[in-house]
Amino acid sequence: MAHNLSQCRLLVKKAVAAGAKALFLPEASDYIAPNASETVSLVEPARSSPFVMGLQASAREHRLPINVGIHEPSPKNEKKVINSLVWINEDGQIEHRYQRLHLFDVAIPGGPTLKESNSVEKGTDILPPFATTVGNVGLLICFDLRFPEPSIALRRQGAHIITYPSAFTVATGRAHWSALLRARAIETQSYVIAAAQVGSHNEKRTSYGHSMIVSPWGDIVAELGGEKKDEPEIAVGEIDLEKMEEIRKEMPLLRRMDVYPEI
């Protein structure tokens, strides 16, 4: 985790140098363990986690909000963790927290078998969008990407930006990553920001990478590659809320609530 913190701090410096108004980091930026038992054994409360406290200090030092995926202990089951996404404000305080709704229980032919429900407790609520320096942000994580309902609900509640920090597998990333991100952006007419883990974590896990920012029209504003570099990279993009409103006005999506239920 000390190494991951140093990498994230380097990304903070790069974001500040680029003039960014906020930094979006991947899912599970603190650690990715090789098995469920180690995932649980490594977890620490955010209030005492050196990783989280280090990023809080960086946010305060640089006056830069940071959105980062972390593990937290489950208050309900000591044998499980929470897959959290926290918003650290420019004062270094955790201002918002989202717990991932959908868990990745999948056996991929020729690839890994992952059963997150063995060690991760699923969330029960959609966090309403909240105001930031870059717009109203709605938080979702990784496997949530395969379900359009939460993003549509966030758009209805006023989101301008929807996040999908991820650690996608290589096989599913190659097949679906870009298509799903663009679909979520197009159908919600919102910016999508997907900070992604990349490369090998251990002998069992490799992540697809290809961090991406997608416009409300579905254009890829910025994208990183799928190979791990000597230094971590950032993708920088402009959030144009006026353009977003223009798209929403010119292409109104009038849902038929008389036919199907509101999400």
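Residues are numbered from 1 along each chain as its sequence is written, and side-chain values use heavy atoms, with hydrogens and water left out. Because the model is predicted, local features need pLDDT of at least 70 and side-chain atom pairs count only at pLDDT 80 or more, while totals for chains, interfaces and linings use all residues.

**Stop 1: the open sheet**

Helices (H or I, at least four residues) and strands (E, at least two) are DSSP runs, numbered from the N terminus. Two strands pair if DSSP finds at least two bridges between them. The 6 strands make an open sheet with mixed pairing, in the order 8-9-10-11-14-15. Its edges are strand 8 (130-132) and strand 15 (220-223), each of which pairs on one side only. From one strand to the next the twist averages 25 degrees; axes here are lines fitted to C-alpha atoms (for helices over the stretch in contact), and angles run from 0 to 180 degrees between N-to-C directions.

Start at strand 8 and step across. Strand 8 and strand 9 form a hairpin, with 2 residues between them.

How many residues of strand 9 (residues 135-139) are buried? The count is 4 of its 5 residues, so the strand is mostly covered; buried means under 20% relative accessible area, exposed over 50%, and partly exposed in between (1.4 Å probe, protein chains only).

On the next step, strand 9 and strand 10 run parallel and are joined by 3 bridges. Select L139 and its bridge partner in strand 10, T163. Strand 10 (residues 161-163) is in turn joined to strand 11 (residues 191-194) by 3 bridges, and these two also run parallel. Here I161 stands opposite Y191 in strand 11.

**Stop 2: H160 and helix 4**

Select H160, in the loop between helix 4 (148-156) and strand 10. Is H160 buried or exposed? H160 counts as buried because its relative accessibility is 14%. Now show its contacts (heavy atoms within 4.5 Å). Leaving aside neighbours within four places in sequence, H160 touches G135, N136, S190, Y191, L241, M244, E245 and R248.

Move back to helix 4. Its buried residues are P150, S151, I152, A153 and L154. They pack against strand 9, strand 10 and helix 5 (170-188). After the helix comes G158, with a positive phi near 110 degrees.

**Stop 3: the second largest pocket**

Select A33, T39, L114, E116 and R205. Of the 29 residues that line the second largest pocket, these lie nearest its centre. On a 1 Å grid over the protein atoms alone, a pocket is an open set of points with protein on both sides within 12 Å along at least five of seven lines; a cavity is a set where a 1.4 Å probe fits but cannot get out; lining residues have an atom within 4 Å of a point. Grid points are joined across faces, edges and corners, and a volume is the space filled by probe spheres set on the points.

The volume of this pocket is about 610 Å³. Helix 2 (36-42) and strand 6 (113-115) each supply at least two lining residues, and strand 6 gives the most, with 3. By class the lining has 14 nonpolar, 9 polar and 6 charged residues. Ala, Val, Leu, Ile, Met, Phe, Trp, Tyr, Cys and Pro count as nonpolar, Asp, Glu, Lys and Arg as charged, and the others, Gly among them, as polar.

Next select K204, in the loop between strand 12 (198-200) and strand 13 (206-208). K204 counts as exposed because its relative accessibility is 51%. Its C-alpha atom is 8.5 Å from that of N35, 169 residues apart along the chain.

**Stop 4: the cavity**

There is 1 cavity of 30 Å³ or more. The largest cavity holds about 40 Å³ of space. To find it, select the lining: M1, D30, Y31, L42, V43, E44, S49, V52 and H71. These divide into 5 nonpolar, 2 polar and 2 charged.

**Stop 5: two positive phi angles**

Most residues other than glycine have a negative phi. Select R63, in the loop between helix 3 (50-62) and strand 2 (66-73); its phi is positive, about 55 degrees. Finish at H210, between strand 13 and strand 14 (212-214), where phi is also positive, at about 60 degrees.
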